[in-house]
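Please examine the sequence and the three-dimensional model shown below. The report after it is written for a reader who is new to protein structure.

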Amino acid sequence: MTENWLTVYKELAPDISGILITPEELQQRVKEIGAAISQDYAGRNPLLVGVLKGVVFFMADLLRAITIPVEVDFIAVSNYSTESRQQGVVRLVKDLESSITDQHVLFVEDVVDTGLTLNYILRNLRARKPASLEVCVLFNKPEHRLVDIPLKYTGFDLPDRFVVGYGLDYREKYRHLPFVGSLKPQVLQGNAKG
Ligand code: IMP
């Protein structure tokens with residue numbers, strides 16, 4: 001099946017060194033997380049909050065795997081500079097549409113690496129006094145973690161490798177791939193952004 005996907009995406013296949021997670025594995029795990037959220041949040045009408053753009057693929061599939069009433073909203077951030085990025089300082093360029101005070105908020109993220117970005121955003125959300133604030137991350141890269149963040153739901157633990165697909169990009173490319181793959185070293189030059 002792995003070979004089949006690279007045949008389907010034949011224009012991008014020369015950049016990809018391997019498929020780490022297949023579309024079937026992704027869908028299966030997302031269904032499991034959706035079922036767990038439906039059970040844990042029954043009767044609480046949670047608000048799922050994501051950061052544009054990488055999370056939209058995961059969010060769309062996750063929402064359809066949730067069987068209880070749920071709402072969704074998005075924020076968008078940009079990093080000030082390489083230096084402030086290293087300190088996890090980000091600028092909010094699109095805020096939530098409504099107040100989250102006294103709401104049960106589940107923050108949904110595609111990938112967590114150092115945890116600095118997530119830590120900054122969580123501090124911002126916590127200051128708005130939600131009834132609860134938990135984190136759901138699809139791809140966890142624990143090796144470079146600088147801030148300890150409790151993750152209520154985790155999809156996959158990934159090795160310390162730059163991966164693309166299912167929302168993850170390299171220079172805005174490869175987000176639309178239905179699988180998660182690694183890029184050939186010669187493709188990986190310069191900085192990536194999410
Ligand atoms: P951190 O947790 O603050 O280090 O940063 C996480 C951000 O780095 C994510 O939101 C992504 O934008 C980006 N990122 C980290 N690892 C990857 C990867 O393997 N592929 C694509 N983007 C990544």
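Predicted model: local features only at pLDDT ≥ 70, side-chain atom pairs only at ≥ 80, totals over all residues.

Residues are numbered from 1 along each chain as its sequence is written, and side-chain values use heavy atoms, with hydrogens and water left out.

**Nonpolar cores**

A nonpolar core is a set of buried Ala, Val, Leu, Ile, Met, Phe, Trp, Tyr and Cys residues joined through side-chain atoms within 4.5 Å. Buried means under 20% relative accessible area, exposed over 50%, and partly exposed in between (1.4 Å probe, protein chains only). The largest core has 25 residues, and Ile37, Phe58, Leu62, Val108, Cys136, Leu138 and Phe139 have the most contacts inside it. At least two residues of this core come from each of helix H2 (23-40), helix H3 (56-64), strand E5 (104-112), strand E6 (132-140) and strand E7 (153-157). Helices (H or I, at least four residues) and strands (E, at least two) are DSSP runs, numbered from the N terminus. H2 gives the largest share of the core, four residues. A second, separate core of 19 residues includes Val49, Val51, Leu125 and Val137.

Contact means heavy atoms within 4.5 Å. Beyond its neighbours within four places in sequence, Cys136 is in contact with residues including Ile33, Ile37, Phe58 and Tyr153. In H3, the buried residues are Phe58, Met59, Asp61 and Leu62; they pack against H2, strand E2 (47-52), strand E3 (71-79), E5 and E6.

**Aromatic pairs**

Rings of Phe, Tyr and Trp (its six-membered ring) pair if their centres lie within 6.5 Å; planes under 30 degrees apart count as stacked, over 60 as edge-to-face and the rest as tilted. The whole structure holds five aromatic pairs. The ring centres of Phe162 and Tyr170 are 5.8 Å apart and their planes stand at 75°, so this pair is edge-to-face. Phe162 is partly exposed at 28% relative accessibility, whereas Tyr170 is buried at 5%. Ring pairs also link Trp5, Tyr9 and Phe179 into a cluster.

**Surroundings of the ligand**

Among the 15 residues around the ligand, Thr114, Gly115, Thr117, Lys141 and Val163 come nearest. The table gives distances for three of these residues.

| Residue, N or O atom | Ligand atom | Distance |
|---|---|---|
| Thr117, side chain | oxygen | 2.6 Å |
| Lys141, side chain | oxygen | 2.7 Å |
| Val163, backbone | nitrogen | 2.7 Å |

Taken alone, the ligand exposes 490 Å², of which the protein buries 88%.

Technical notes
Near = heavy atom within 4 Å. Polar contact = N/O pair within 3.5 Å; in protein donor to acceptor, adjacent residues only side chain to side chain. Areas by Shrake-Rupley, 256 points an atom, 1.4 Å probe, with all protein chains shown as cover.
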